[in-house]
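Q: I would like to learn how to read a model of this kind, one feature at a time. Could we begin with a single residue and then widen the view?

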Amino acid sequence: MRIAICDDDAGIVAAVRTFLETTYRQLGWVIDSYHAGEALLKAISGSGRNYDLILLDIEMKGINGIETAKSVRALSPESCVVFITSHEEFALTGYEVSAFRF
């Protein structure tokens, strides 16, 4: 399974990555980290990299998570998107891009 973590807060990215690697290390997942939506989209479109799961922040500098998810849907419709955010007010908007969970 290929997983992408995208959050402009390096501490959050590190914490989520560490959690996944320590909790599920026996599964042998490949985890890539991005600190901007633009970087994630570049990886998907430029290298053809596909992710089974994308853990995506909503509030980021530059392109936000909602716009990133819309572009992900166009490039990689089979990817499962889960928003990682503390802002409940974005929950309904997340369903517009077929987010799996918040």
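This is a predicted model: local features need pLDDT of at least 70, side-chain atom pairs count only at pLDDT 80 or more; totals for chains, interfaces and linings use all residues.

Q: In which part of the chain is Glu59 placed, and how far is its C-alpha atom from that of Ile84?
A: Glu59 belongs to the loop that runs between β3 and α3, the latter spanning residues 65-75. Although Glu59 and Ile84 are 25 residues apart along the chain, 9.7 Å separates their C-alpha atoms.

Q: What pattern do the helices and strands of the protein chain follow along the sequence?
A: The protein chain has four helices and four strands, and, read along the sequence, they follow the pattern β-α-β-α-β-α-β-α.

Q: How should I read the contacts and the burial of the chain as a whole?
A: For contacts, one looks at those between residues at least 6 apart in sequence, and in this protein chain 62% of them join residues at least 24 apart. As for burial, 37% of the 102 residues in the protein chain are buried, while the accessible surface comes to about 5700 Å², with 55% of that area belonging to carbon and sulfur atoms.

Q: How is a pair of aromatic rings described, and how many such pairs does the structure hold?
A: The structure holds three aromatic pairs. In one of them, the ring centres of Phe19 and Tyr24 lie 6.2 Å apart and the planes stand at 85°, which is over the 60 degrees required, so the pair is edge-to-face. Phe19 is partly exposed, with a relative accessible area of 46%, and Tyr24 is partly exposed as well, with a value of 32%.

Q: What geometry do Tyr34 and Tyr51 show as a pair, and which parts of the chain do they link?
A: Tyr34 and Tyr51 form an edge-to-face pair, at 6.2 Å from centre to centre and with 80° between the planes. This pair links distant parts of the chain, since Tyr34 lies in strand β2 (residues 30-34) and Tyr51 in the loop between α2 (37-47) and β3 (53-56), 17 residues apart. Both Tyr34 and Tyr51 are buried.

Q: Which residues form an aromatic cluster?
A: Phe19, Tyr24 and Trp29 together form one aromatic cluster.

Technical notes. Residues are numbered from 1 along each chain as its sequence is written. Side-chain values use heavy atoms; hydrogens and water are left out. Helices (H or I, at least four residues) and strands (E, at least two) are DSSP runs, numbered from the N terminus. Buried means under 20% relative accessible area, exposed over 50%, partly exposed in between (1.4 Å probe, protein chains only). Contact means heavy atoms within 4.5 Å. Accessible areas come from the Shrake-Rupley method with a 1.4 Å probe; for residues, only the protein chains shown count as cover. Rings of Phe, Tyr and Trp (its six-membered ring) pair if their centres lie within 6.5 Å; planes under 30 degrees apart count as stacked, over 60 as edge-to-face and the rest as tilted.
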